[in-house]
Structures are given as C-alpha cells and as structure tokens.
Number of protein chains: 6
Amino acid sequence: MQKIAGFGEIMQRLMTQKYQTIEQTQGFDVMYTGTALNVLASLAYFGYDTRMISKLPENALGFAARSAAQSFGVDMSRVIIGGDYLGLYFLEQGFGVRPSKVIYNREHSAFVTSHLDEYDWDAIYQDVTHVHFCGISFAVAENVRNIAVAAIKQAKERDIVVSLDFNYRPGLWSKEEAIDVYLGVLPLVDICFANQRDFSELLPFSVIDETESYEQMIEKTMQDVFSRYPNIQLIAGTKRLVLEPTFHQLQGFIATPATVVFSKAYQFDVLERIGGGDAFVAGVLHGYLGEEPLSYTVEFGVASSVYKHTILGDSNRARISDIEKLMKSSKNDMIER
Amino acid sequence: MQKIAGFGEIMQRLMTQKYQTIEQTQGFDVMYTGTALNVLASLAYFGYDTRMISKLPENALGFAARSAAQSFGVDMSRVIIGGDYLGLYFLEQGFGVRPSKVIYNREHSAFVTSHLDEYDWDAIYQDVTHVHFCGISFAVAENVRNIAVAAIKQAKERDIVVSLDFNYRPGLWSKEEAIDVYLGVLPLVDICFANQRDFSELLPFSVIDETESYEQMIEKTMQDVFSRYPNIQLIAGTKRLVLEPTFHQLQGFIATPATVVFSKAYQFDVLERIGGGDAFVAGVLHGYLGEEPLSYTVEFGVASSVYKHTILGDSNRARISDIEKLMKSSKNDMIER
Amino acid sequence: MQKIAGFGEIMQRLMTQKYQTIEQTQGFDVMYTGTALNVLASLAYFGYDTRMISKLPENALGFAARSAAQSFGVDMSRVIIGGDYLGLYFLEQGFGVRPSKVIYNREHSAFVTSHLDEYDWDAIYQDVTHVHFCGISFAVAENVRNIAVAAIKQAKERDIVVSLDFNYRPGLWSKEEAIDVYLGVLPLVDICFANQRDFSELLPFSVIDETESYEQMIEKTMQDVFSRYPNIQLIAGTKRLVLEPTFHQLQGFIATPATVVFSKAYQFDVLERIGGGDAFVAGVLHGYLGEEPLSYTVEFGVASSVYKHTILGDSNRARISDIEKLMKSSKNDMIER
Amino acid sequence: MQKIAGFGEIMQRLMTQKYQTIEQTQGFDVMYTGTALNVLASLAYFGYDTRMISKLPENALGFAARSAAQSFGVDMSRVIIGGDYLGLYFLEQGFGVRPSKVIYNREHSAFVTSHLDEYDWDAIYQDVTHVHFCGISFAVAENVRNIAVAAIKQAKERDIVVSLDFNYRPGLWSKEEAIDVYLGVLPLVDICFANQRDFSELLPFSVIDETESYEQMIEKTMQDVFSRYPNIQLIAGTKRLVLEPTFHQLQGFIATPATVVFSKAYQFDVLERIGGGDAFVAGVLHGYLGEEPLSYTVEFGVASSVYKHTILGDSNRARISDIEKLMKSSKNDMIER
Amino acid sequence: MQKIAGFGEIMQRLMTQKYQTIEQTQGFDVMYTGTALNVLASLAYFGYDTRMISKLPENALGFAARSAAQSFGVDMSRVIIGGDYLGLYFLEQGFGVRPSKVIYNREHSAFVTSHLDEYDWDAIYQDVTHVHFCGISFAVAENVRNIAVAAIKQAKERDIVVSLDFNYRPGLWSKEEAIDVYLGVLPLVDICFANQRDFSELLPFSVIDETESYEQMIEKTMQDVFSRYPNIQLIAGTKRLVLEPTFHQLQGFIATPATVVFSKAYQFDVLERIGGGDAFVAGVLHGYLGEEPLSYTVEFGVASSVYKHTILGDSNRARISDIEKLMKSSKNDMIER
Amino acid sequence: MQKIAGFGEIMQRLMTQKYQTIEQTQGFDVMYTGTALNVLASLAYFGYDTRMISKLPENALGFAARSAAQSFGVDMSRVIIGGDYLGLYFLEQGFGVRPSKVIYNREHSAFVTSHLDEYDWDAIYQDVTHVHFCGISFAVAENVRNIAVAAIKQAKERDIVVSLDFNYRPGLWSKEEAIDVYLGVLPLVDICFANQRDFSELLPFSVIDETESYEQMIEKTMQDVFSRYPNIQLIAGTKRLVLEPTFHQLQGFIATPATVVFSKAYQFDVLERIGGGDAFVAGVLHGYLGEEPLSYTVEFGVASSVYKHTILGDSNRARISDIEKLMKSSKNDMIER
C-alpha cells in the first residue's frame, strides 16, 4: 500500500470576487492552499493515501486549514499544532491584460517560524512510501530550508522515494542562493520536476544552443542531468505558451535515463492559473506510482494540469476518469448527463 | 386567437455558482425549467397565449415551479396538482475543456409517475390551436410516453396543430426503442423539429451518402420524409459546430414539401448551452404562426437560438424586437441607451 | 484508544437564505448532514476518533457528502459507495410565528435502499469501541431497520458499547410500530437517550401521574426502565420549553441505576433548532467516554446542546473549551480577543 | 365565480442588505410591490382570481414588474403599457432603534402621470365582482385621484363591490385634503378598512371621549359611520402596539351595522413591517367572500397580518392552511416535516 | 500645484449581476459614476488634486454618491447639496451578441434641474488650474448646457485651462443642436477630445475622402480644426474596432498644430466597456499636465483606456505604475507577487 | 474653524457572514477600521473637518484602507505611506451565548513598526485644533507608545486640545504597565474618556466603597481625579448592562470640576458591539466642540453610542439629525418616508 507525504505550508488565500480589485471589494472568498497540499489533494482525488507534513497555529484559522485539507481526504494527524499565525495571501483576480496581483503575509507564520526539533520523523514517515517537496520550501526562509533538507535525508534513510519540484520563484531568493541549494539537494532526489527554464537558469552546467529545437534542448539537458545525478530516475516538466491572457498552450515531457517522451500540446481557456504545476506533478506521480508507460504518464500529467486550469482554487478537483475523458476528447460540447 | 399548449415536465434546476464544482459549492442557484416550458416561455415573451400541460406536486416546490412559469405569462391553470416529488437536476457549470455535468433525480417525480386518467383533455385543450411535444417525453418512462401519445391523438381529434421536437437523448433510451416510437408518432405530426443526425440515426430509411454536401443531404432526407409522411407540413432543424467550448457556429434550415431554405451561419460566444434547441423551436413557431415567409422564419429561429445562448437559464428572455435587432446586426459594441 | 462509530444516513440539506420562503428564493445554501454524522462530527471536534457507517452514491453529490464529513475529521473509509441517489431535504427557514418547513426526498436514496449484505461488519467495526444509533434509522424503511438491528447485534458480539437515541418522529411511523421495534432493541442497548415524552409515549409500562413533579416522573420512569433492562447503564435526556419561537429553555438529566442528576436550566436565543439533540448526545458521550462525574457529564451535555443552537447547520462546531467556557459564564458581552 | 380587481401603482423596491445603510451598501435587493398588488397577491395565494388595474412603462423595468405580479398568479392582461418611468423607492432596512428609511422616486412614474382616458373600464371590469382601492391612490397626485374616483363610480355602475383602505399617510397630503376626498368617496364604498386613528383624524364628526375604553370607542365610532353611510356593509381595522422595535402586538376588529367583533391579540417578532395592513385586508376579504362568520373573518384577517410580518417583501406568501395553522397554535417549535 | 476640476452629473448605476437580464435579477450592484467623476477619479489615482463641480440631493443617495467620490480622493467640498432626486440608470450587463441595455432616470435629478445661480464660481474655481467638460452636459438639458457654457467662460476669465470631450450621444440630442452648441463652445476650449466620427459628423466643414487612409483623414481634419480654432492646443482621440463583442482593438492619436502622433494598436479582452473614453482623457491629461512628450502621452492615454476595459465599474482603478507596466508588456501570464 | 485629528492604527477587518464560524465560512466581508478612525468618521458625518495620523503600507491593502477612510470624508493626506503589512483581524460573528471571536495579526504591521522620526508634526498638526488618542496605542507596542506620547507633547506645544480614551484592554498589557503609562500621560490631557471600572482598576488612588451607589462612586472618583489633575477639563464615560447577549442597557455620565451629569438609560437591541465606545467619544466631542450644555452633550453622546449598536461595522453612520431624533423618541415603529 502506497502512502504519499508532502512537505510545505498551508496558507489562507483571500481572493477578490467578480474580477474586482482589492480596493473595490467588500469581501474576499477564502480557501486554504499550498503547493504540497495541492499535490496531495489531487492524489487523494485519484484514490491515494496521502499525508501532510506541516505546522498550523492552534486557532480557528489553523483549524479551518486543517479541515479544508481533511475534506480532500488528506491525513492531517501528523501536522504540528502551535505557533501564532497562519500564513495568508491576498489574490486580486486579474482580467485580460490586467495581471492578477498577490500580496503575501507569511513571513511570521507558524510554519515559516517552526523549528526542526518539533518534527517527529518516525511518526511523520510511518507507512510513508513517497514524499514530495517544492522549491518554495527552500526559498521562503532559512529554517524552513533546513527542515526540508532534514526531511529529505530522513526520507532517504527510510528508503522513501523523494520527489522535488524546482518551482523557482525569482521574487523569493536570488539565483545564486537557489543554485547553491539545489545543487546540494539534487543528489538526494529520485524524481525531479522542472521546466527547461528552471534547468537553464539554475543548473550552471546547462548551455543553451539557440539553433536547436525545443525537443533537442530538452533531450540534451536531460542526458546531462542524468549523467551527473545517477540517483535521479525521472524528470518531468511542461512548456507553456500564453496565446492570450486566458488562452494558453501546454505541452509536457517526461525523461528517464533511457528516453524522453513528449505529450501532445493542448490549447485551452484558463479559469485559474494557480496550481497548474502542482496538478502536473500529481498527474505524473499517478503514472509513476501505477507503473504506467511513460507516454500515458506524461499525457495524464499534462491533461491533469490542463483540467486544473478550469477549476477555481489552487487544488485540482479531477478524478482519474475526468482526466482520461479529457485525454480522449478534443473540443467539448457535451453536457455529461 | 391562437393559443399554444406544451406537454412536458417542469423540473427544478440546481446550479453551481462561479464555475465551482458540486463538491466545492456552498450553494446552488435555483430555476424551474423544462423543454416544453422553455418553448412556451419564449412564445409568451413574443406575445402569444400559452398553456402548460403537466403535473406538479402540492408542496412549496411544486408551487415554486408554477410561480416561475406564471412569471413568464404561461397559463398554469390546467396543470394537475398532486403526487410526491418535483423532478430535479443538479447542473455543475463547466468551463472550457471541463464539461458541464448533470445529475438527475426525476425518476419518481409527480409528472413521471402521473397517470393517463388524471388528464382532462377537454379542459386542457379548451381554446388551444397548437400543441408542442418533445422527444424526452417519449423516452423518460413508459407511462409518460403513453400519455404523450394519447395527448397527440386527442389533439388531432380537435384539429389542433401538433409539433414534435425529436431531441434524441441516447442516455434515456435505446435507438431501437426510439425508432419504434417515433415511427408510430410521425403519422400524427404536422411540424417536425429534427437535426440531420436525428434523422440519420432514427429513420431507418435514411441513407447517408458521404460524398454529398450538407445541403444536398438535408434536401434529399427532407424529400424522403415528406413523401413517406404526407401529414407533415414543415420540418426544421439546426447544425452546430463547436469551434471552441464556448464559441459555437449555428445554422438552421426549414423545409416544406416544396422547398428547403437555409439560414446564414452565426458564430457566437456561449453563456449557456441549455435551451438553445427550444429557442429555435419557439422562433420557428413564431414564423409559422405569423405566416411569415420561410426565409424570415428560419432566420428568426436561428437568431432566437443564438440569442438564447447569451441568457442564463433554460428559457429565452428575448422579445421579437431583440431578435430582429440581432438579425440585422453583426458584431456588437452598442450599449442600447 | 477509543473509536466511536455511528450508523445513519447522510443527506443533502438545501436551505433558503435570508428567511425567504422556498417560493421566493433564487438559491439554496447546501450542507451535508444526518443525526449520526452530527454526533460524530461533534465528537471529532472534541478530539475523538470517529467512523461513519453508511452508504453514498458514486457521483458528485455522494463525494460532496463524503468530503463534508471528512472535513470534520470523521473516518469515511468504510462507507459503502454505490446506488443512485443522495437523500435530500429542503429546509425553509422560518421566522417567529412562521415555522420552518422541511420537504424530504429520501425514500429512494442509496442508503435507504441499501442491502444488509453490502455491509462488511469486520471492516466496519475494526478498532471500534462504541457505536451510536438513532431512532430514525428504525423508522425510515424496513430494510434500514433490519440493517440497524443487525449492526447492533454485530456490535454486541464484539463487545462494542451501543448507544441509541430514541428521537421518535411521529411522521415517519406509527406509535405501535415504534413500540414494537424499540422493545425488541432495548435489551441490546447500553446507553439510551430519550425524553420523558419518548418514554411515556413509547414504553407501554410507563404511567404518568399528573400530580407528580417533572423530577419525580423522571426518577420513577428511570427506575422502571433500569429494572426491566438491566443491560442499560445510562439514560439521558432533555426537557425543552419554547418561551418564544427563538428563545428557549433547556434542562437535561442523566440517570444510572443508582441515581438521577439534573442540570441547570439555560435560557437562550436560537439561531438553528436542528441538531440540538445530537449535540446533547455528543456532550453526554464525551462525559461517559472520559469517565467524568455524572454532574459534569449532564452539564456538559446540555451546554453542548445550548451552544449548538447558536451554530448554523446541523452539526455542532464547539470544542471542549468553548463548552466549558459556556458552563462557567452566564450572560455574555465579551468579545474573545 | 368571483374575480377581485385592485387599483394602484406597482413600484420597484430597492432594499439594502444585511441591515446596511444606503451609504454602506454595494447592492440592493429588488422586488416589485404596491398596496393593491399586495392585496391581490395574497388573495391569489388563497386561490382567488385577481386582476390588476394599473399602468407600467414599456421597458425592462415595467416588464419585470408585470412578471413579478404574474408569478403570484395575478392577471396583468388589462394593465396599460406605456409612459416613461417605473416608480421606485429605496428602503434602508432599519435595526432596533434605528428606523427603516424610505426614499421615493415616483412623482414622474408612468402610473402617476397616466390619464383617465387611457383606462378602458369595460375591459378592465369584465367578469370582475369586487374591486379594492387604497388611500394612497387618492393622495399621490390629483389625476390619480380622479382616475380612482372614476374607477369607483364605474364599478358601482356595474354592481361591483367596492372596498377602500384609508391608509392615511400624513406625508403625502394634508388632513384637510384627505377629509375632503374621503367624505366624497365614502358614500360609494361597500367595505371600509380603517383604524380608530384614521376615523378620529379624518372623520370630522368623530369625537374621542378619553374616558372610554378602546372597545367602547370603536363601537361608538362604528355606529356613527354606519348611520351616516348606510351603503357601508363592513368596516374592519387593527390596533398595533410596538412593544419593542421588532416585537409588536396586533389586534383586529370587524364591524357591521349589527355588531362589532374583536380578535384576540397576538404578540410576535417582526421580520418586515411593510404590507401588514394589506395582508389584513386580504384576510378579511377572504372571510367576506367566503361568507364566513365575523369571528372567523377577523381572526383570519389578523392572523394573516401577523403571518405577513414574518415574510420578506411587501406581499404575503401565506396559503389559507398556513394562516389557519397559526390561528390554532400559539408558541411554535415545530419544524413542519 | 495643479488642481483639476470636472463638471458633470454623478449618477447611481444599478447593474444586474451574473449576466442576468433586468427581468431575471433579484438584485442590483450599485455604484456612483459619471464621466467627469471618472476622469477625476482616474487622475486622483495618478496622484493629482481633483475637485468635482456638481449638485447632489440632500438624502442618503446623494451622500452615498459623495462618499463614493471621496473614496477616490476627489474633493467634494464644493458640490452643491439640495434638490430632490439623484439621477440613476439601470445597466443590464450584456453577453456576446446580446448588447448591454441602459435605462435612464435622470431627467428630474437635482443636477439636471439645478440653476446657474446656485454655482459660486469663486469658491468652485479656487486654486483650480484645469477644468474638464463632457459633451453630455451640453446635451442632457438646456439649463445644464447654460451652466456648462457659463462654467467655461468663468474658467477662461480665471486663465484656467479648459478641456472638452465631445462624446456625442445621438440619443440625447439632434445633430443640428449638437453642431450649433459645439461651434459656439470650440472657440473657448484649449484641449479637445474627439474621434474622427465626432468631427466628421459634428463639424460641418469636415469632408471625408473615402480614398484616404485613416491616418491621412485624421491629419487633414486636425489641420483644419487647428486653423479654424487657433485657441486649441491639443486634440486627442481613439479609434475602436470591435473584433468580437468582448475582444476589441484600440488605437489613439494626439495632435498639436505642429504634428499628429499615433499610438500602437492594442487588442484586448473587455470586462466592461463603460468609462473607456474617460480613462483615455485622464491618461492624456496626465501626459499633458506632466509635460510629457506627445508619444508618451498618447501611448499612456491608450494604455490607460485599455486597462480600464479590465476594471468593473465606470472609473479606472489604475495607478501610473500599472499603466506603464502595461505599456511595456504585451501578453500577460505573470501573477504579480 | 475646528479641525480634529486622531492618532491610531487602521486595520483590515475580515468578518464571517450569516453568523458562520471561521471554520465554516467560504468568505469574509472586509472593512477598514480603527478606534481613532471610528471617532473621526463619526465626527465627519457630523460635519467636522478631521485628519488621520497613522501609517499605511504602500500596497493595495494600504490604499484600500486609505480609500475607506476618505469615503467618510477624513483627510488622509498626512498619513505616512510605507512599510510591509496592514494590520488585520478576523472577526467571527457570535450569536446569543456564543461570543464573537477575534484573531489579530497586527504585531508586524506598518503602523506598529513605524518609527517616531517618520512623523512630521508640523505638517500633521497644521490647522489642527483638537487631537484624540486611544489607550490601545499605548498598549500595542513600545514604539507606538513612544510615538503617542510624543504626539501628545507636540500637541500641547501647539495648544491643541488633547482627548484620551482609556479603553483598557487587559489582553494587551498588564495592569501595572497600564497604570504606569496612564499616570505619565494624564497630566497632559484635557479631556478624558473612561469608565468607572477603568478608573478603579487603573488609578491606584481610587477606593471603591461598596455601600455607595453608582452615582456616588462616580462623583467621588471625579472629584478625586479633578483635584489631582487640574489640567483635565472634562471626563465622560458609560456604564453598560448586558441584559441579554444582544439586548443591552447603556447610561452615560459627564463630569467637569464643577458638576457631574448623568444621561437617561437606554435599553436596545444590538446589531454590532464594536465601536460603541468610539461613538460615545464622538458624540461627547460634538457637544464639547459646539459648546453645548453638559446635559445635551452626555445625552447626545449616549444616543450616538446606542445608534452605533444598530450599524454594521466599527464606524457609526449617524448624522446629527439621526441622533437627535433618537434622543426624542423611545420605541420606534415609524418607517421614515
């Protein structure tokens, strides 16, 4: 029986309504989200056992976050309860050429200020077979980075498969810091999620040859990574084209030391951009955990991400059948009765 | 003075808001709808006298349905009041590649379990000059089918013009059943609404020649139908292309034994897909009842349907002037002041 | 480690807003509720492990119900998934002299039509130490009654403590039926929740002497029940006075073969009446499971119920500290900062 | 077959939400109301045929008003369509000691500026057996007053029973004007609705003797009115005590030349004050039209008014059974299942 | 220190929600808007001192309008308080081929019925360096036109720069009237906003040569205007193409006696059409007041207008940095974190 | 011309809706509030010139707070813009015996972390005649306390009248700290707002003699304070009785060295408790600034506070006429038309 854990912050998301700006709105819709939670929630919808590794304050906000995660079926029994604040962010829903705006208030959150010795790894990793990390955990604060590194090492000691999503956010740390940290972590990782841009910006050995096609670049980079980090079994990522602000194209790739497979490219309307990457991670992990062929795995991963772009909120709400239906169809006029 | 009756179920529609899934939503918008009601409501907006033939439970849900129909101006005085349940369906509003989902709960409704001998045809058909039926009534349950057949026969005995919309729903019954029933009913029908797909799937004598154009196919099929069923005066239908999930193309045709006329093809954004067919029916009936030329009739029917795609809810909210304005314009930036 | 199971239906509750009638409303707020779920949800808020025994349809409505129960922390892993419909009810929120109105649609639900052989008692009762039943399960349909009786017997075979809330609903079955069933079940029950009215109406041996005080009546009835059913350890119930439609008085009692203890009487404003009895059950079970003194147990039970009357929805949202704070305070102007 | 007509304006009511002030709100709830419509809507809920006499503008606002009236089942086919504006008023929902505030914009409405020669009395009064007027129609503008007087005279010529509700609004006209008009109209009226205050302020022959009880005053005043106006068959009214801003007492009386009957006095919570008088009128008319005993009639009238105070909006939403249930009950904790 | 005044009406805007028609909606969103207010609000967001010249009724509606304007930072201290009604309009939000509909009720508003001698020009123009007018003020009523003309003359006496936006609305007045008025006003204006269509329809000396390009036509017309009205320093306008109902193209021009500069053409999704012209005015005034180069000025003006099309409500909510970011970007997938 | 300044934090208030708990809600209503802002907003509604002294972050949240304050008419031009966070608090709306709950997140706000040298007292106090402070400013953080003390001293140097509301919050600091600070500040204060409880807990020289009446205690305490602090001109406060959770009694007093005057006691329904004290302050300041008699001043102050309890949000929305109307009335059934 597989059990997938995820490490990261759960934040409160306060979103304006009806495309109003923050200055216009008389109210915010509220959700509780986070990249690790997004991946776990999506896997729970696929039917997997999942467990959150995090810390929440012992107040109504922390309980609300826990309750939201439980509603997806994620096991919250190992989440540390304590500290003062729940991290939060305000999301001003953009429209067309007006970008969405995010204002964070997470610096002093219970999770971001948590201490390594609060984490009981034996209890946390009980029955766990897989654990997922996101690059934001390495960027947001030094002590969180230390906890994340410890969590990876503790996982490896228990033969737990480790996946990592680069998810490089230039606003949170410098490229130099990021390179330094990622180079230290990569030797411990089994599965790696990253875009070509992540690799080319963060891996100093990458050299982009502008005359090559996208496919050639990916293939060469992958060979390079696999040869340097023989511990890595699988790398996957996506390439996004923004055709219109809310009409995108998405294509995915998956690579093993033996081969690289590309998915078909979807063009689709976007209801919400946030969480698209996490849905890709969850989709690829589903293929990996089910030992599906690479082609199925990458197609499922991309379709999972495309589907997510039609769902309000950070977390996908797709079951396996929803995604497989999307993989088979193209245009859609059917009302499913 | 013309009075148009319609036979069918009125259901409660419970719809998610803001593109949320059923699992996300904390509330449902409610409406009361049905194919016959949609046609009558639209005709009432055009200024016609209309009357509903149906059954509603004697509780607040039934009264709410009656009240909603009355708000359009539809005469509800002949609707039977009794039985236990109002049929209902949940509508999860899709977005882009994510299809809308419908969950029905109608099997045990007061209408679906109503008995033939509850219907007082003399009272129902008093002053009625025209009555409309929809294929769903023949598919949803055997006793409803029997009532519908009886209602057609009672209409013919009173020289009331009968129109029928095939509206074939594969989920409700098998093709064999449908063919069997429709072949029995067609000899009693004056006006018939059907798409080419309905004819080719349901009329066993249809043979599609793939080398022919759409226009040729329609013309040949119409000749065939008119020659077999001399009682039929008029056939009309539409052809839809789904260019993007919410950007469609629609074209209509109207046929008499003498000729076939095609409308222009509209391309348009879709707010809501449900009820588009009923709006076409209402539009064509308006042309027929007003003895308008075929070209006006089919153009009005298609424009009525296109307009409906911009209206929230199953029932159109267009007056004649709204539709005629659309028939004259193309792109629209005018705010009507 | 204690684990409390509960048997019963989870229904969709569709409630009008802003005190509108069903005929006025353009939308319904939705929740997923049920008496057993209410008890378990409340216990989960107190920190107990809980597990639901039920059946839900395999569609978005069933998943939404499961998700709502999980959000409280209730273990839904043993709930059967299958069947067609989720039971539902419409709740028209009353105001003052205008009573709330409920319209049910549950007769054909997946739970109500479930079969005894679908229930895997070994899996369901794994690790369970306590199981709770509600009288509605015995009233709603014969096969549900059979499943409930089997569930009680299966529990007794496993030395699981059984509690039963009479919760007599005259609308669902006749007094004769109820008496017949309850007399058959009482010999298997350890803890019993019932009001004086339940006892006097349902237990044929009860004789009310109008000259006696409420306290005397309760004491005499309890002696009678304990002497006839030596298996019963504990009986608890409440007495409600409706001072104004939304201003009530509530007092509780708890009885063992040795003694009867009465709580103080609260007078309080009522936001929502539904679920008050289930909150009392959960409160008393908390005292019982924690081996608290009877006086604490009955005071906690009543305060739990009183607190529930201030919460929107069927399920209480009180933690132990909230209730203990209420037990200590009387009037309240403090804003808890 | 009885058919009751009503003459008056239908206005748009724009109400703040959640007890916000007009300066706070970002939105208004909208309804379409008027005293005559309130009476007719209530009678339609009781099962009577009703018809509106009014004028509405030919735009979406006028159509919305018509649609709202039709949803109650009121016949709107004789309402004149034309003119520019729909009368409207803003209602700021008060709370406790903060009074509700109303801002009118009706002076230039299609109804208020309508002309006598637009009204086709033969069509309007076809099949009508009873017509109701409200004092506001005599106060709002001179031409409306002239139309109302003509409408009464046209009714009398057709042997239609005429009822009039004084409903004296000091803000709209002076006492002198009101006395003058009412003295002219009273000789044409069959049924009269008025409070003691209306009589004592508006009928110059009334002399209040402060040493008399309320009952004595009513009896003496009634004798006086009946002796001066032998055409009057029935007079009814209510007396309200405001115990708290939203907790009122209401008692009614009904008088014939032979006797005066008083109802019991209700004390009740108030959700909305507007339309309470119209609900009393409708309730008394129901008793009158059904030839019920005076005691039933006045009790039904008061209970109808009390029930209305629990309904959002101007128009009552009670059926006969709702009111008769209230007449039998006192305090209420029952949820009607 | 510059202070910009604006003359015009502030109206209440009552808008349907969720694309409902006026007949469907149970509520309206409310805002307080007007072309002059839109220009001032936008300038206030840019950091300028602004002052409104208008009249509002002394009731909650007038105060709400004042409060809304103050929330933008506009100085409302010189607005006259008095009169009866606040002008209002209902906005039915269109969708796709269904146009938005506007129903006005402004004819009797406090502003429209205000008198010239209520305006204290010394107080109004204290510290003012610039004043803006809109063509609607000249069209809506004769006395408003007289006040506007007086206001322009009073401004010129104080050496205040005067700008005028033609904003020709055929529904409000005839072309002949408009020509007559505009020819009288143009000799007093420093800055003029008008489209090619405005000029060609309103300036009798304009001759359109169909063989010329748009650029040539603009250049020729501008030369003509500058030569006839040497007082005019600056003319600016836009050209809109409606590619789809909610997908537009916009390009701007700015002209001095010396040169004409065209902006790039934006294509963009439209959330709301109203106020786009006012945002262009505000953008160009920002460039003018800051003595920016013409190219920056016209680009800023068009980007300001484009940004406005993504904002709900009449008034732009863009700061200078938002617009300059848009001027630099093209497609947008960034979430601003 | 008087201008009243106020010093304090503006916070974002995020409130649950429909009496939901924080764990239930899917959205929060948002307002921007603070004790000083409440006092100024109320005075602005009375027609006074007001100015805020505070600091707000330079992001959409800070701008939204500024906009909200401006909507009341408060001058925000001297508020410092900078820093990272806007202080915020979550308000869970209680019901009946369930108390409201507040969760703060203000510790790291731009205001709380502001520095003394950011405040330009010459600009801030330009034209100011009166400045108000609240005890919370002295409690929330040491540097804010220092700024507040400096602000008082700067005011005294400019002969600005200083008022201080004790508003002692035990949760924010210890009694010892509070006593220490208040004893240091009292010699600089002209007007003092405090309850008997504040005095008896915070002023070490107060001795309560339990045998004395409330009036005697107040009078004795006032004499004591005036004799120790001859700088104090005026002291005012209220006494609240919580009869039911949402039904309170309030009485006020006002004292000068010469006399003490008590207001009548109001009993009233409570919509919102927050801001009641600030409304009393504003009411008393209105009497003081207008040099009204003490009896008017204290009655106006209490009526202002009572009125505030009927308004949603922290800030009162009463104009002078609203309060004077309340002072004259008792029970209220009038709808103001």
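The turn is 180°, the shift along the axis is 0.0 Å, and the RMSD is 0.0 Å; copies here are superposed by least squares on the C-alpha atoms of residues with pLDDT of at least 70 in both. In chain F, F:F28 has the C-alpha nearest the axis, 2.6 Å away from it. Both copies use the same surface, with 100% of the contact residues of chain F recurring in chain A. By contact I mean two residues whose C-beta atoms, placed from the backbone, lie within 7 Å.

A quick word on the model. It is predicted, so local features need pLDDT of at least 70 and side-chain atom pairs count only at pLDDT 80 or more, while totals for chains, interfaces and linings use all residues. Residues are numbered from 1 along each chain as its sequence is written, and chains are lettered from A and ligands numbered from 1 in the order in which they are written.

Now to chains B and D. Chain B superposes on chain D by a rotation of 180° with 0.0 Å of shift along its axis, RMSD 0.0 Å. That is how a two-fold axis relates copies. The C-alpha of B:S71 is the one in chain B nearest the axis, at 2.0 Å. Here too the same surface serves both copies: 100% of the contact residues of chain B recur in chain D.

Last, helix α10 of chain F, residues 294–308; helices are DSSP runs of H or I, at least four residues, numbered from the N terminus. Of its 15 residues, 13 are buried, so α10(F) is largely enclosed by the rest of the structure. Buried means 20 or more other C-beta atoms within 10 Å of the residue's own, C-beta atoms being placed from the backbone.

Note on methods: Helices (H or I, at least four residues) and strands (E, at least two) are DSSP runs, numbered from the N terminus. The expected span of a helix is 1.5 Å times one less than its number of residues. A residue is buried if 20 or more other C-beta atoms lie within 10 Å of its own, exposed if 12 or fewer, and partly exposed in between; C-beta atoms are placed from the backbone.
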